[in-house]
Amino acid sequence: MSAFSIVNPAPSERRLTGGALFLLAGLAALGALATNIILPAFPRMGAELALSSPELGLLLSSFFVAFAVGQLAVGPLSDRFGRRPLVLGGIAIFATGSILCAFADTLSFLVLGRVIQALGACTASALSRAIARDLFDGEALGRALSLTMIAGAAAPGFSPLLGSILAGLFGWRVTFLVVAGFGAALALHYLGRVGETHPAGCRTPLAPSAVAAAYGRLAGDPRFLLPALAVSLDIGGLYSFFAAAPGVLMNELGLTAFQLGLSFATTVLIVFLAGFLAPRLAHRWSQRAISMVGLLIALAGGAAMFAFAAVPTLVTFTLAIALYLFGMGLINPLGTAIALNPFGRQAGLASALLGFMQMGCAAIGASFVSALPFPSSVSLAVVLTTGPALALLIFLPVVLRQPRAEPSGSSGVPVSTGG
């Protein structure tokens with residue numbers, strides 16, 4: 001029997017154990033780990049395979065698009081067949097794509113490997129939120145997502161530093177083998193410590209018409225759509241930062257690949273702090289109020305990036321991105337909890353649609369950073385300001401709306417999937 005059987009306490013009464021935290025954080029971080037670890041190696045990859053900067057950009061955009069679209073299938077499949085087969089299958093696909101990237105000798109095979117990687121990683125990402133919703137609700141869900149974000153930030157935060165070291169010692173191909181090994185370790189941990197969290201009695205139909213109708217109802221429900229879109233716009237800015245940072249820090253400020261890795265690593269402390277404070281502040285002032293504060297802080301960080309563009313120093317860049325990341329660190333777990341909490345019976349579906357929106361915004365933001373006819377720092381400032389500004393307008397009705405009480409003993413408001 002899994003560590004979280006249906007005879008265990010209600011979701012709001014469960015405690016987040018170390019084993020569950022490692023699983024949730026690992027699943028959530030897999031995609032960012034696979035992307036961030038290769039960023040310092042881009043110059044080496046480009047030189048070895050004779051790739052231009054736009055061609056290297058395909059390694060990011062192709063990953064984001066596949067990651068976004070793939071999640072739409074993961075959600076309903078996991079709601080129908082359970083989390084276990086999807087978790088294990090997704091990690092196997094991810095490892096296959098990673099190995100293909102490690103031995104690729106052309107851009108086509110490298111992009112193909114990245115797409116396969118993304119299809120596996122998107123499964124892990126979507127199910128990290130779905131499993132969290134299986135296990136927790138209410139404030140407990142907000143705490144779980146915050147702690148997951150804190151732990152999960154270590155992988156994408158330190159992975160560029162690790163990637164620069166691995167690429168320097170063994171070459172860039174080894175980085176793909178390392179992430180494949182991490183995926184295998186995660187699968188073994190899931191089998192041994194966590195297991196299935198979506199009981200057979202909670203499974204939903206998989207008829208295509210029912211799934212399409214369920215997605216349509218979910219996308220039209222403001223309880224989900226507004227907080228999910230606000231979170232997604234901020235996450236889009238985060239991935240835009242990942243995409244633009246090598247150009248800004250290495251080309252405009254002259255940092256080395258190792259120094260770029262150190263710069264990314266310092267961002268972990270900011271996310272740690274925001275994730276530590278988010279559930280405590282929300283307990284005192286509500287999830288909605290602190291989410292709004294997070295959006296305001298993120299907007300201030302985006303505006304401060306214009307100051308960096310005017311006075312390009314490492315100090316001004318660090319201050320601007322620190323503000324943005326702190327604000328994003330508040331809205332991400334709390335806004336996600338607000339979006340998912342009413343949909344306990346459709347946790348996989350809701351998590352998948354949220355992931356699709358997040359990675360769709362990531363793909364758009366990263367494309368804008370590359371396409372705008374400005375220096376990289378100015379383009380990044382535009383994206384980091386526009387996203388939170390739109391998110392504020394979208395999230396305002398959530399703050400003003402009175403929360404609806406859930407039925408006693410419920411893990412969420414049941415929403416029919418049709419069929």
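This note goes through ring pairs, salt bridges, a surface patch, backbone angles and a few contacts in a predicted model.

1. **Basis.** The model is predicted, with local features requiring pLDDT of at least 70 and side-chain atom pairs counted only at pLDDT 80 or more, whereas totals for chains, interfaces and linings use all residues. Residues are numbered from 1 along each chain as its sequence is written, and side-chain values rest on heavy atoms, with hydrogens and water left out.

2. **Aromatic pairs.** The structure holds 5 aromatic pairs, where rings of Phe, Tyr and Trp (its six-membered ring) pair if their centres lie within 6.5 Å, and planes under 30 degrees apart count as stacked, over 60 as edge-to-face and the rest as tilted. In one of them, the ring centres of phenylalanine 241 and phenylalanine 317 are 6.2 Å apart and the planes stand at 35 degrees, so this pair is tilted. Phenylalanine 241 belongs to helix 9 (residues 222-252) and phenylalanine 317 to helix 12 (residues 314-340), so the pair ties together parts that are 76 residues apart in sequence; helices here are DSSP runs (H or I, at least four residues), numbered from the N terminus.

3. The rings of phenylalanine 308 and phenylalanine 317 have centres 5.2 Å apart and planes at 70 degrees, so the pair is edge-to-face. Phenylalanine 308 is buried at a relative accessible area of 0%, phenylalanine 317 is buried at 1%, and phenylalanine 241 is buried as well; buried means under 20% relative accessible area, exposed over 50%, and partly exposed in between (1.4 Å probe, protein chains only).

4. **Other aromatic features.** Phe63, Phe64 and Phe67 form one aromatic cluster. Elsewhere, arginine 280 lies over the face of phenylalanine 276, at 3.8 Å from the ring centre, under the criterion that NZ of Lys or CZ of Arg is within 6 Å of the ring centre and within 35 degrees of the ring normal.

5. **Salt bridges.** The structure holds 2 salt bridges, each defined by a side-chain nitrogen of Lys or Arg within 4 Å of a carboxyl oxygen of Asp or Glu. Arginine 173 pairs with glutamate 48, with the closest N and O atoms 3.1 Å apart, and this pair links distant parts of the chain, since arginine 173 is in helix 7 (residues 173-194) and glutamate 48 in helix 2, 125 residues apart. Arginine 173 is partly exposed, with a relative accessible area of 24%, and glutamate 48 is partly exposed at 48%. The salt bridge between arginine 223 and aspartate 221 has its closest N and O atoms 2.8 Å apart; here arginine 223 counts as buried at 14% relative accessibility, and aspartate 221 is buried at 15%.

6. **Nonpolar surface patch.** Ile165, Leu169, Phe170, Phe258 and Leu262 form a nonpolar patch on the surface, with about 510 Å² of accessible area together. Patches are made of residues with over 30% relative accessible area and no salt bridge, like charges being joined within 9 Å and nonpolar side chains (Val, Leu, Ile, Met, Phe, Trp, Tyr) within 5 Å; the areas come from the Shrake-Rupley method with a 1.4 Å probe, and for residues only the protein chains shown count as cover. Helix 6 (138-170) and helix 10 (257-285) are the elements that give two or more residues to the patch, and the largest share, 3 residues, comes from helix 6. Phenylalanine 170, found in helix 6, counts as exposed at 58% relative accessibility.

7. **Positive phi angles.** Alanine 50 has a positive phi of about 55 degrees although it is not a glycine; this residue lies in the loop between helix 2 (42-49) and helix 3 (53-81) and is exposed, with a relative accessible area of 65%. Serine 286, also not a glycine, has a positive phi of about 95 degrees, and is found in the loop between helix 10 and helix 11 (287-310), where serine 286 counts as partly exposed at 33% relative accessibility.

8. Glycine 247 is found in helix 9 and counts as buried at 18% relative accessibility; glycine 247 and serine 377 are 130 residues apart in sequence but 8.6 Å apart in space, C-alpha to C-alpha. Serine 98, in helix 4 (residues 83-102), counts as buried at 0% relative accessibility. Not counting residues up to four places away in sequence, serine 98 touches Gln117, Phe176, Val179 and Ala180, contact meaning heavy atoms within 4.5 Å.
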